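Take a look at the chain below.

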Amino acid sequence: MLRTLQVCLRRQVWRSVHSAAAGERSRRATAGAARRTARRSGVRSCTVDPDLEEQFVFLDCPGLEEDPNEEEEQVLRQLCISSAPGLGPDPPVSSQKHMRSLERQLQVLKGKVLQNSGPDSFIEFQDMDFPLDESIIKSKKKKRAEPKGEHRVFGTPDADAPVSDTSCSGCGAVLHCTATDIPGYLPSEKFKVLLEEGKLGEAICQRCHLITYHHKALNLQVTRDQYRDVVRQIRNHKALVLLIADLVDLPDSIIPDLTDLVGTNKHVVVLGNKLDLLPGDSPNYLQRIKRRLAQYCQDAGFGHQVTDLHLISAKTGYGIEALISSLQRSWKYKGDVFLVGSANAGKSTLFNTLLESDYCKSRATEVLQKATISPWPGTTLNLLKFPINNPTPYRMFRRGARLKEALQQTEEELPVDELRRLHRLSRRAYLVGRVGRTFRSDGSRSDEIQFDPDSLAFGENKDGHSTKKAADRSHDELSHNELKDAHWLYDTPGIMKQRDIVHLLQEQEVRLVVPTQAIVPRTLVLKPGMSLFVGAMARIDFLQGAKSCWFTVLASSHVPVHVTSLDKADSIYKRHAGHALLGVPLGGSERMEQFPVLVPQDFSLEGRGYLEAAADITLSSAGWVAVTAAAGKQVQLRVHGPAAAGFGLRMTALLPHIVSLKGERVRKSAAYKPLKPAGLIDGLSAAATQRLQVKKKK
């Protein structure tokens, strides 16, 4: 009898749940039909009347802000897998709302919760060309005494071995095997073999090897003043300075004392890098960013030395061909060129891009190795260089013909590898460019004779007799005639910023925080008395304001954002910092004990209307948060962040109309659906660019 009663009760509960679920699905279908009707009529739900305040509804999200137990942690980990559509039957309605709220909070953490949140496990790094003895590896693994999180690398140092006179082709440091914490270190087993075989010039140091192949960085004993001393060598040269500024970190990425480093008699060309990461908030946003960058240089005190300014993307190649043409017309072949900028601004990436362009001698690309690039600051430790191509009238004519021909090319005429590159970059960047070569020494084109005019040059040897370059030249190094009277482009070490959030993060955290793909803006609406978390690195409190405000986060999509009430903010940070909800930093309470405490700063700003951001809250190399408030209304904010991170307020917003990129409002949430604007491919016909964008949308 009891069993029959239980079965009846279960059936009755299931019928009620099923009918509620059917009603919910019917309501969703009705709402979807209404939205489709609005879209067909040309009405967007995100359009805002500047004089009308939007009505906001805020609901608390239970569960996430409480202290989780083991079962709740398991639910959070499984949510990123089970929340995908079509993976199973609909859950009961009583749990649907709870799971939807969890899904909204963790939508930026899809696939990231499954990663290890603690420090990296023990890793044995080896060199493929110099493997360790298996018996030694097994014996060392049994005696594993190193603490968790440290990396034992291949080989041992030899303090008695002399230092070589060869520099690392990746970072420029002098190669040696004396100490592991000094730049240019190579294991003694590898260093001595390469030295005897005469192949030391082709090697890279162990630090560059780990960065390139294992994405790990070793800590080195290099001070900030040592980096600056290397850059000060420019003062005694007749040179052109290419100052690279990180557009994601303005104005902090602009060196304030540039004249002290390079001198007052240098011409400066300012390059705004990482343009491919920034979304276009209005049709004229490139001109606005250019004017803003010029003003920052003027405020830094070297505006009178700036002769030109370009917006580029060293990674995707956007604006590189225009930069090369400008340098060849203005600077020509007057002297050396130096890449100068703050750490992690993209100097080494630009060095590698120019190395494979018309700005470098054609055969130097075969001989020289690319510079080591990474998201960690201070990768380049000394001066790397390549010879500049002399822009003779013949070369300029051939280059102009190639650029004109490239502009008329369609998608079908592109090589397969270049078409694949454009498709790959257009998915990860807003602005993509094409960088080609006019002269190639490998004779890849069979329809014409390729030659380098430098190979016909005559010179003089030490005895004063005229010499001519031999026909059977070596492919391992550049000859005397190729380098005679040559001018060089140098990649200098990055100037370490005094305050930067990257200095406080570990290796895996840096890869999550520093943006490497196109930033998709995330807009949230807050009422006074609410707080916004950007990971566990920054917290923004909305203290006072007459009306609600929009906060647009422009940061890496791997960094989660979370909105809560002001009275719960302290407990949220204490419980969830280092865990899945706030994301970065990683590693739980043990990691947060090493992370510095958050220090508050109070800011006051005046709104400019719901269509224009009033100011930006800069988060150092992590990005910024744009604040949009009602016109003429005062807003009181309190920003919490590490004192060494350098968070601040940028009174003039870099992308003031970024709020226009918000999509439809997420129902019963403070968030809006993000919109990714269309990009642009430079150096391709308009028809081909349109076809590539159509394929990207599909």
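Helices (H or I, at least four residues) and strands (E, at least two) are DSSP runs, numbered from the N terminus. The model shown here is predicted.

**A loop residue**

Start with Q517. It sits in the loop between helix 16 (507-513) and strand 10. Is Q517 buried, exposed or partly exposed? Q517 has 44% relative accessibility, so it counts as partly exposed.

Now look at what surrounds Q517. Leave aside its neighbours within four places in sequence, and Q517 is in contact with L277 and R428. R427 is 90 residues away from Q517 in sequence. In space, the C-alpha atoms of Q517 and R427 are 8.7 Å apart.

**Strand 10**

Strand 10 covers residues 522-526 and is mostly covered. Five of its five residues are buried. In a regular strand the side chains alternate between the two faces of the sheet. Here R522, L524 and L526 point one way. T523 and V525 point the other way.

Which strand pairs with strand 10 over five bridges? That partner is strand 13 (residues 549-555), and the pairing is antiparallel. Within this pair, T523 has T552 as its bridge partner.

Strands of a sheet pair through backbone hydrogen bonds, either parallel or antiparallel. Five strands of this chain form an open sheet, in the order 14-11-12-18-15. Their pairing is antiparallel. Strand 14 (561-565) and strand 15 (599-606) each have a single partner strand, so one side of each has no neighbour in the sheet. These two strands stand at the edges. On average, neighbouring strands of this sheet are turned by 20 degrees against each other, direction ignored.

One of the bridge partners is Q636 in strand 18, which pairs with S604.

| Strand pair | Bridges | Sense |
|---|---|---|
| Strand 10 and strand 13 | five bridges | antiparallel |

**The whole chain**

Step back now. The chain has 19 helices and 22 strands. It holds 698 residues, of which 49% count as buried. Consider the contacts with a separation of 6 or more: residues 24 or more positions apart account for 77% of them. The accessible surface of the chain comes to about 35000 Å². Carbon and sulfur atoms hold 52% of that surface.

Terms used
Residues numbered from 1 in each chain as written. Predicted model: local features only at pLDDT ≥ 70, side-chain atom pairs only at ≥ 80, totals over all residues. Heavy atoms only, no water. Pairing = 2+ DSSP bridges. Axes fitted to C-alpha atoms, helices over the stretch in contact; angles between N-to-C directions. Buried < 20%, exposed > 50% of the residue type's maximum accessible area, 1.4 Å probe, protein only. Contact = heavy atoms within 4.5 Å. Areas by Shrake-Rupley, 256 points an atom, 1.4 Å probe, with all protein chains shown as cover.
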